[in-house]
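Visitor: I should like to learn how to read the features of a protein model. Please take me through them in order.

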Amino acid sequence: MQAHDLDDFLDRLVHVAAAAVIPAVACGLTVRRDGRPFSVAVSDALAGQVDEIQYGADEGPCLDAMRGAEVVVVEDLRRERRWSAYRPHAVAHGIASSLSMPLIVEGQSLGAMNLYAAATQVFTAPVRKQAEGIAAQCTDALTLTVRQFRQSQLLDQLAEAMVSSSVIDQAIGILMAQQRCTAATAFDLLRRASQSRNRKLRDVAGDIVTRVSGAPPEPRTDFRN
């Protein structure tokens with residue numbers, strides 16, 4: 001499975017999860033890039049916003065599921081004692097409960113699938129089973145792609161492939177020059193713009209390249225001897 005095919009598959013998958021797992025209202029898929037979490041696919045702006053709250057606070061059920069490689073169920077977020085920096089902001093966004101499932105690829109936790117609901121105590125055993133089936137499809141796709149990137153630093157290359165391309169690299173370079181910042185800071189700026197606009201990272205990057213160059217971005221050129 002090629003990187004763009006995987007990206008499209010994951011995008012469809014989160015929309016299916018948000019619609020099929022009743023009464024979930026939003027779904028986000030988190031992976032790690034260079035050790036930092038990133039929402040590679042979201043069903044809507046709400047999922048992206050709640051994911052981003054966790055990344056900013058460096059805590060929350062999604063991160064616990066990914067880091068601990070275990071399912072994290074939140075029955076009633078308002079009664080939770082965990083995640084004091086994340087909890088009030090998520091509640092303010094209308095989140096009452098959630099289900100976060102780790103994505104275990106070749107024995108390592110690569111990311112997490114997160115389902116958010118506006119009602120409490122909704123992720124019962126049957127609902128969880130249904131959600132786990134969808135997460136398993138995601139894991140299968142990630143596992144297949146990991147095997148194609150086995151040559152070196154497979155997990156980092158997988159995450160890079162899902163959220164990076166020559167167009168994104170060009171946009172990062174433009175932001176570095178404009179903002180006089182590091183590549184990591186430029187990527188964070190690009191990521192936040194993607195989340196707030198609920199648009200794919202590569203599309204936001206393409207807009208930046210087009211605005212600066214006056215022409216749509218071109219694909220990477222293959223050089224041969």
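**Secondary structure**

Guide: Helices (H or I, at least four residues) and strands (E, at least two) are DSSP runs, numbered from the N terminus. Here the chain has nine helices and five strands, and along the sequence they follow the pattern α-β-β-α-α-β-α-β-β-α-α-α-α-α. The model is predicted, so local features need pLDDT of at least 70 and side-chain atom pairs count only at pLDDT 80 or more, while totals for chains, interfaces and linings use all residues. Residues are numbered from 1 along each chain as its sequence is written, and side-chain values use heavy atoms, with hydrogens and water left out.

Visitor: What span should helix α9 have, and how far apart are its end C-alpha atoms?

Guide: The expected span of a helix is 1.5 Å times one less than its number of residues. Helix α9 (residues 201-213) has 13 residues and should therefore span 18 Å, which agrees with the 18 Å between its end C-alpha atoms. After α9 comes Gly214, with a positive phi near 85 degrees.

Visitor: Which residues of α9 are buried?

Guide: Buried means under 20% relative accessible area, exposed over 50%, and partly exposed in between (1.4 Å probe, protein chains only). In α9 the buried residues are Leu201, Val204, Ala205, Gly206, Ile208 and Val209. Of the 225 residues in the chain, 48% are buried.

Visitor: How many residues has the largest nonpolar core?

Guide: A nonpolar core is a set of buried Ala, Val, Leu, Ile, Met, Phe, Trp, Tyr and Cys residues joined through side-chain atoms within 4.5 Å. The largest has 45 residues, and Leu29, Met113, Leu115, Phe123, Cys138 and Leu190 have the most contacts inside it. Apart from it lies another core of 19 residues, including Ala47, Cys62, Leu63 and Ala90.

Visitor: Where do Arg36 and Asp188 lie?

Guide: A salt bridge is a side-chain nitrogen of Lys or Arg within 4 Å of a carboxyl oxygen of Asp or Glu. By this rule there are seven salt bridges. One of them joins the side chains of Arg36 and Asp188 (3.1 Å, N to O). Arg36 lies in strand β2 (residues 36-42) and Asp188 in helix α8 (residues 183-197), so the pair ties together parts that are 152 residues apart in sequence.

Visitor: Is Asp76 buried or exposed?

Guide: Asp76 is buried, because its relative accessible area is 15%. Its salt-bridge partner Arg79 (3.5 Å, N to O) is exposed, at 67%. Asp76, Arg78 and Arg79 are linked in a network of salt bridges.
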